[in-house]
Amino acid sequence: MDKGEILAKVNAIFIDVLDDDGLVLTYETTARDVEDWDSLNHIQLVVAIEKQFNMRFTSREIQSWSNVGEMVNSISAKLN
Amino acid sequence: MNEHINYICERIEVLNPVHSKKLKKNLAFFDDGYDEMADAFFKKYVQFLQSKHKTLDYAIDCYLQMLADITCETLEFMRTGKYSSSTFVEVNSRVYADPQIMEYYMHGLLMSQFLFRHHYQMFNFFTGKLPQYANTTKSYLEVGAGHGFYLSKALEILDEKTKFTVVDISETSLELAGHFVNDARVEYNLRDVFDFNNEEKYDFITLGEVLEHVEDPKGLLLKLNDLLSDNGVLFFTTPTNAPAIDHIYLFNNVEEIRNIVKSAGFQIAAEMSFLTEDVSPEKAAKHKIAILYAAFLTKIT
């Protein structure tokens, strides 16, 4: 799966968890850009991504993400 | 908003924008009394940090490290439905016996006293009711004093002749509480409360967020029932569904807490519970959002 496909799946997860149909993520999107991406929803997002991609992240990985692109990179590294 | 809170908000906005959103909501919620109390606290706290050659930046880092730990523990809790540790031996070696972890954890918790809405609400519940017990409290015992913040308020509110005793299993915690409180009236005991037996009875006992740290919370409550004078009062707090690096006993809901309290021979004189997130009760139940519960208890006669 390439990073574009991963981003599309991650985008769908964000739409579902944050209940925001109009949400369009890019690799540069940060929590500052998405109003409802708060600490509670962050946990729900990580759990949903882990479930979707059948993987687990380490605490170091989760803390290292500063934007969606870094999240996608982590997923890609685990898939490939 | 006071200068220290402003500074903390600006730093957290840079260092952790995800948490910054919750922090802003918390601060918007606080009442008029908050600014005055926070101002007095942070003046004292910054002086304390300076005496240890540290700055507010250090405390902010501690707070964020504690939050990072909670995030990881919450993820594990969402995956398994359990806390990551279940025995005292595990958390003792992982947390309490590690001075480095204990230090950032204690500072993080102390900061949370003024940055978490539910911690502030809980503290107000304690300080609001404690004066009504001032006349009958000749001896005050705090089990697990942590950072010493509740103790510092008890010292302010209760009669100056009251005897103050602290029992805590962590040397780091006792040192921090001792420095922060800085009051010669307090006797500190580095001991497991289950081994604490000086033949005395106490008129008021405080047990702030300790039950979730022990394997046998009913056993601890029974021990405190024994330490409490016949007409004494026990104030305690404990959360439901609150994963943390040193939480081992999981209360799934408030009713489980009430049941254990009653089974240990106590009745509830007053109680409060606070959701730790700004969500509906339905969403809280669905996602197992933590609720912080507190009560003033008396012995069942």
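A helix here is a DSSP run of H or I that spans at least four residues. Helices are numbered from the N terminus. One such run is helix H10 of chain B, residues 217-227, and B:Pro217 lies in it. The model is predicted.

Start with B:Pro217. Is this residue buried or exposed? A residue is buried if 20 or more other C-beta atoms lie within 10 Å of its own. B:Pro217 has 23 C-beta neighbours inside 10 Å, so B:Pro217 counts as buried. Which residues does B:Pro217 touch, leaving aside its neighbours within four places in sequence? The contacts are B:Leu211, B:Tyr249 and B:Ile260. Take B:Tyr249. In sequence, B:Tyr249 and B:Pro217 are 32 residues apart. In space, their C-alpha atoms are 7.7 Å apart.

Now step back to chain B. The chain is divided into two parts: domain 1 covers 3-114, and domain 2 covers 117-299. B:Pro217 lies in helix H10 of chain B, and residue numbers 117-299 belong to domain 2 of chain B. The C-alpha centres of the two domains lie 19 Å apart.

Domain 1 brings 31 residues to the contact, and domain 2 brings 24 residues. Which helices build the domain 1 side? H2, helix H3 (32-51), H4, helix H5 (88-96) and helix H6 (99-115) of chain B each supply at least two residues. H6(B) gives the largest share of that side, nine residues. Sorted by class, the domain 1 side has 17 nonpolar residues, seven polar and seven charged.

Next, look between the chains. Chain B puts 12 residues into the contact, and chain A puts in 14 residues. On the chain B side, helix H2 (17-29) and helix H4 (56-80) each supply at least two residues. Which helix of chain B gives the largest share? H4(B) does, with six residues. The chain B side has six nonpolar residues, three polar and three charged.

Finish with chain A and the confidence of its prediction. Chain A averages a pLDDT of 91. In chain A, 100% of the residues score at least 70. Where is confidence lowest in chain A? Helix H3 of chain A, residues 59-64, has the lowest mean, 80. Helix H1 of chain A, residues 3-18, has the highest, 95.

Notes: Residues numbered from 1 in each chain as written. Chains lettered and ligands numbered in written order. Predicted model: local features only at pLDDT ≥ 70, side-chain atom pairs only at ≥ 80, totals over all residues. Contact = placed C-beta atoms within 7 Å. Nonpolar A, V, L, I, M, F, W, Y, C, P; charged D, E, K, R; others polar. pLDDT = per-residue confidence, 0-100. Domains from an automatic or database assignment. Buried ≥ 20, exposed ≤ 12 C-beta atoms within 10 Å, placed from the backbone.
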